[in-house]
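Okay, thanks everyone for coming.

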Amino acid sequence: MGLFETEAAKALASSAVFLFITVLLMAAAKRISTCIMMFSAQSAVMAMQVLAIARMRHSREAYAIVALVLIVKAAAIPYALFRIVDALKAPRDVSSSTTSAQSIFIAAGLILLSFFAVKPYAGALGVDEAMLAAAVALILTGGFLMVSRKKALMQVVGLLVLDNGIFLAALTTTFGMPLVIEIGVVFDLLMGVFLMGLFAFRIRDTFEHLDVSKLRRLRG
Amino acid sequence: MTIAINVVQVLMLVLMAPLVRGVIARIKARIQNRRGASVLRPYSDLAKLFHKEDLVPPSASFVFRLAPVVMFAVTVVAAAFIPVLRSSALLGIRGDFFILVYVLALGRFFLLLGAMDGGSSFGGMGASREVLVSTLAETPLLLALMSLAMVAHTASIEKMVLWTTGQDFFELSAVHALAFAAMALVAIAETGRIPVDNPTTHLELTMIHEAMVLEYSGPSLALIEWAGAIKLTVIMALLVGLFLPWGMAATFSLPAVAIALVLWLVKLGGMALALALVESSVAKLRMYLVPDFLGVASALAILAVVFTALMR
Amino acid sequence: MILVFVLLIPLAAAFLVLSCRRPSTVVRAALTAGALELIFIGGAAWSIHAKGVLQAGRYLRADGLTSFFLINLGLISALVLVYSAGYMRHVPEGRFSSLRWFYGLVFLFLFTMVAVYLSANLGMMWIFVEATTLASALLVGFYNTEGSVEAGWKYLIVCTVGIAFALFGTIVFYLAAVKSGVNPESALDWSSLMSAAPGLAGRRELLKLAFVFVAIGYGTKIGFVPMHSWLPDAHAEAPSPISAMLSAVLLNCAMYALLRFDAITSHAIGAWFSHTLLLIFGGLSVAVASLLMIVQRDLKRLLAYSSIEHLGIVAIGIGVGGALGVYGALLHTFNHSIAKTLLFFTAGNIRENLGTLRMERIHGMTRSLPWTGGSLLLGALALAGLPPFGLFVSEFMIFMAAFSAAHYFVAFLMLVAISVVFGALLYHFQRMLTGEPEKPSVQTKLQAFEFATIGICAVCLLVLGLHIPATLAALLRGAAAVIQ
């Protein structure tokens, strides 16, 4: 393997660290824009990981996936979210039900939990334990964000993080699904974000606030 | 030869400290679109202060005059633990990272006593705030250093640096990344920079460190200011040494040492730039949010320690 | 080739409808497109019956199961299109809230569901199931009131999260297939997975993990308890024709997806694991939904919980397995969709005339709205599983299958739940039908369309209760053969 390929393999093996850091920073963030930037950073890291895999396996499809992830997940979706945050003119804070320090401890606990969860599977599947743990950690953190954050847009960010985790799990175990499927999944995500933004506007217009914990009219 | 280099290292840290402060202030000024004072300004400030009269409050005891001297001595001793040009330090012994942390704590203890001895209410207020910050900052600092020690299987800073130079740059270690994040946050708290404390504020209610030294003047103030600058430089050098030590001289030859010096200056400059950028872009935290800030650092440090077991 | 037409007609119709200006042209265009689609579906079903399997390119495939569900989709959507022509004529103009947007979105929704049925590839199927959520979210929130916005948001978020789990399950399936030596290019195609299924037996743990995630994921869309929290809100707050589509067709669509996965898993590692999981979900849904039906106050929420219960019965039918169980379950999806459509259309009538759907405020419908009251009574009897309506036949088949497979506990649970449902329906509907009406002899503002559609539904239910027509029986046999 050439120079870049060995380095690519090593960088790939250690890049799970960056994902853990984005998870922790996202849990500790106090503003919506910080979370969106962390999501963009996460997607960029994942695009670099796909790039490393593309170099290692000389797969042209993988290069296309790199471009897809970079353009849509690292650029287009965060840009759209920033525009929505601006247009909503709502307070920019993340209304969280836990303080910053508690959130980061919970996120750290979720990371440890994901390590324990993947231990039995990683050896059998022959994949890097850290990367698979990072994928599960992303999924769990996405869920945690959706549950503990009360702003409508934060639920969207949590959903995006969850989806990132699933994408990473696919990447680690199978080195990516066929290109057509990947394109379809990302396109679905984009439409989903667009629709959720639309609904956020509607929530603000009908309810005069964006706090989803107060959407409790329908019960029982 | 080793001792000579180690002494040179200590002298470098002590004498360059005001320059580091000056550089950071200059960069901040440039970011704020001002021209800023010369980078050598802190030296002329110190010289000016040494010529002035030392005023002591009538109610103060000997502690008030002792505190600046102890503080200065302590930071010079702390500078002796840090490898700069070679992975060796003048006082490098086993377990010296513990000693480093508590030597700095000793200096801070005397400063607190001196502040309370001064008799003004601002001294007491600054002292109580400083104690809050330093208590919360101690845990992440020790845990981060411990995690690095566990990974390197050694207990002295110079050996840790030696171990890190032997690692491949591309194999990033999760422990190091987390420990760096934790220590960066703690560094900001320990050295009293934004967002924990504003070193240039003149509003007493926003002061932590400044409130403690409000009563000092003349040579005592000079010693305290210098000690603060040395502490900043020491912590920055510690971060550079622990996390970016590649390029340190392995031999005593002049070219190797020269390269090491240049590289070290570049890295320190980079750190200064990063600090200036952070200070210019973030607002100072309100006092009740500082525990949250340090709680984040604690979580990162705890995670670093746990990761030493996970990423074997 | 005919499959391409079936797929693209709704899409083309959506664009066509969106470009029309006047409401009357919109309605005419929609009805013609619906009729055209129905004809093509019928043609496709005919060719499938003749040839067995139709394949168009790499990504479109239709077999017996597809044709059965497509006929279901075609019939219900035709009825919905006709009913909406009358019901939605007073829609306020607004962003995404006009008659042409309504029909446009309905056709987009139809397109995504047809695409789910015609997918040859499990990944494609996932993409289009998620697309159904996206397409129907705007329809759920169509009225833009507080309740519908909240319902639409919850629907979007909960279903997207659930479907994300289904994606994870699909990925693990893919992983198991690739690790067992299936060519990665075709490791997501349903037909190649079915033929390679015995070879997947070596990856038991992976397949079990995958199926659990798929069941949770697609189960969220079906409305299994405990992932059902979005269902009562969404089905209650949507306009009545959309509620009918959601309950009658979308739930079936999600069940179709689950059935595909169940087929692969059963062929690979034996039916015990997947069928037990289906029995658990089915039993939970049946029990919880029947209990919650007693305390409902809104008519459409009551009907939504009834949908959860009936899809639970379908899951039980698949779970007990055997020829009778599967046949009964598939027949039950068909009967349930017709009965639900009838009841939601009736609810629409009630809303139009009496202005409210709170059951405590409605009294004496037999006197104020005789025909609507009659259809409500008919629907209630059908839903409770009484003869001579179709649901009785399918439920009875599932019972017999459960007893013959010795799943006594599940059969008992089902029996108790159906009795509870009967009691709840009787209690609620009796209050609505008898007594003094609040406004005597309301002038009905109904149109012929609406009556006609309800009448068609009622007739179908009666016919299916007495005798299953040969065409339907043939369709059912073909469908059951696919997943055996």
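**Starting inside chain C**

So, in chain C, the C-alpha centres of domain 2 and domain 3 lie 24 Å apart. Keep in mind that this is a predicted model. The contact between those two domains takes 22 residues from domain 2 of chain C and 24 residues from domain 3 of chain C. Which elements give two or more residues to the domain 2 side? Those are α9 and α10 of chain C. The most comes from α10(C), with 13 residues. If you sort that domain 2 side by class, you get 14 nonpolar, seven polar and one charged residues. And for orientation, the domain assignment has domain 1 of chain C at 1-120, domain 2 at 122-270 and domain 3 at 284-484.

Let's stay with α9 of chain C for a moment, residues 230-237. This helix is mostly covered, with eight of its eight residues buried. Among the buried ones are W230(C), L231(C) and P232(C), but also D233(C), H235(C) and E237(C). What do they pack against? In chain C, that would be α5 (122-140), α6 (146-179), α10 (240-269) and α12 (299-320).

Now, between chains. Two pairs of chains are in contact, and chains A and C share the most contacts. There, 28 residues of chain A are in contact with 31 residues of chain C. On the chain A side, α7 (152-174) and α8 (179-207) each supply at least two residues. It's α8(A) that gives the most to that side, with 13 residues. By class, the side of chain A that touches chain C has 17 nonpolar, seven polar and four charged residues. What about chain B and chain C? Those do not touch, and their nearest C-alpha atoms are 24 Å apart.

Last stop, chain B, and helix α7, residues 174-190.

Key: Residues numbered from 1 in each chain as written. Chains lettered and ligands numbered in written order. Predicted model: local features only at pLDDT ≥ 70, side-chain atom pairs only at ≥ 80, totals over all residues. Contact = placed C-beta atoms within 7 Å. Helix = DSSP H or I, 4+ residues; strand = E, 2+ residues; numbered from the N terminus. Nonpolar A, V, L, I, M, F, W, Y, C, P; charged D, E, K, R; others polar. Buried ≥ 20, exposed ≤ 12 C-beta atoms within 10 Å, placed from the backbone. Domains from an automatic or database assignment. Expected span 1.5 Å × (residues − 1).
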